[in-house]
Amino acid sequence: MTKTVGREPVGVDATRPSLARVCNRLLGGKDNYQPDDHVVTQLEEAAPRQRAAARRSREFQQRALRYLAGTVGLTQFLDLGAGLPAPTTVPNTHQITGLGARGEADRPTVIYIDNDPLCIAHGRALLADNDRTHYVMGDLTDPALLRDSTVSTYLDPDAPIGLLLCGVLHHFEDDLDPCGIVRSWVEVLPSGSFLALTHLYDPGPGDPLHPFAAACQDRYLRTLGSGWFRSREEISGFFDGLEMLTPAVGADPGLVEPDEWWPYGPPVRFKSVAERLVTAGVGWKL
């Protein structure tokens, strides 16, 4: 299934910025071009340390995956809107979920889904020898993918799944009903599944962070054509029907800044504005 909702992927066109390549640039990768670097430069001017924010978001994803694969024991994962494989210094989903495996047969199955042919080509080239990991062409707005043969060949759609939507939903405008997209996925997931999500965050007028969020959103829309900062209430709505996990000892269940979700230790530095404009959470389908 390859239908596309919203903007067509940029693919190999090096004259226009690509969301996948901008993310690659933020994580320190080399699979990007001058237009992608221009987007990052614009974002840095609006709120410095965008690369640090991208790293903290990816580190949240890694901790959530280690929890789901290790503590919970999930054996299959869907990474929606996966983009380009991360640079070698940043582990990908299958590398994190496979950390506790005793052998290849014990490694969880990971399906990466994207609608950009460039991402698929890079992913398949990188993972050609790994039969527990697959890059699949598909549109993340279509939950029927779960039972399409391109996915169900590799995983059991009736067994619990870890669903990742990290750094994706803020590139879907309200007209595309991103909350409805998530709800449709939650409906088809079996009981015992989990959703891990990160999203650009705007605390709203009156908060000192609001002008920075508004400036970043403006830069995103002018350079990339997408990138909406949403309120805590809007982002919490993505988890409707799910039980939010507690992000740390003594904390209440819910959304937090990425580095506050089961951190490895106490904070050792002040966070930049850009790092505080992202929120993250994990929900469980009972």
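Visitor: What covers the buried residues of helix α1?

Guide: Quick heads-up: this is a predicted model, where local features need pLDDT of at least 70, side-chain atom pairs count only at pLDDT 80 or more, and totals for chains, interfaces and linings use all residues. Residues are numbered from 1 along each chain as its sequence is written, and side-chain values use heavy atoms, leaving out hydrogens and water. In α1 (residues 19-26), the buried residues (under 20% relative accessible area; exposed is over 50%, partly exposed in between, 1.4 Å probe, protein chains only) are A20, R21, V22, N24 and L26. Their cover, judged by contact (heavy atoms within 4.5 Å), includes α2 (34-46), α3 and α5 (117-126).

Visitor: At the start of α1, which backbone nitrogen does a side-chain oxygen of S18 reach?

Guide: Helices here are DSSP runs (H or I, at least four residues) and strands are runs of E (at least two), numbered from the N terminus. The S18 oxygen comes to within 3.3 Å of a backbone nitrogen, and that nitrogen belongs to A20.

Visitor: How are the rings of Y67 and W261 arranged?

Guide: Rings of Phe, Tyr and Trp (its six-membered ring) pair if their centres lie within 6.5 Å; planes under 30 degrees apart count as stacked, over 60 as edge-to-face and the rest as tilted. Five aromatic pairs turn up in the whole structure. For Y67 and W261, the centres are 6.1 Å apart and the planes sit at 75°, so the pair is edge-to-face.

Visitor: How far apart in sequence are the parts that the Y67 and W261 pair ties together?

Guide: Y67 is partly exposed at 29% relative accessible area, while W261 is buried at 1%. Y67 belongs to α3 (residues 50-72) and W261 to the loop between β6 (243-244) and α10 (273-276), so the gap bridged is 194 residues.

Visitor: Is the pair of Y112 and Y135 stacked or edge-to-face?

Guide: Both partners are buried, Y112 at 2% relative accessible area and Y135 at 6%. Y112 is in strand β2 (residues 109-114) and Y135 in strand β3 (residues 133-137), so their pair ties together parts 23 residues apart in sequence. With centres 4.6 Å apart and planes at 20°, the pair is stacked.

Visitor: In β7, what is the bridge partner of M244?

Guide: β6 and β7 (residues 278-284) run antiparallel and are joined by two bridges. The β7 residue that partners M244 is G283.

Key:
A polar contact is a pair of N or O atoms within 3.5 Å; within protein, one must be able to donate a hydrogen and the other to accept it, and residues adjacent in sequence count only if both atoms are side-chain atoms. Two strands pair if DSSP finds at least two bridges between them.
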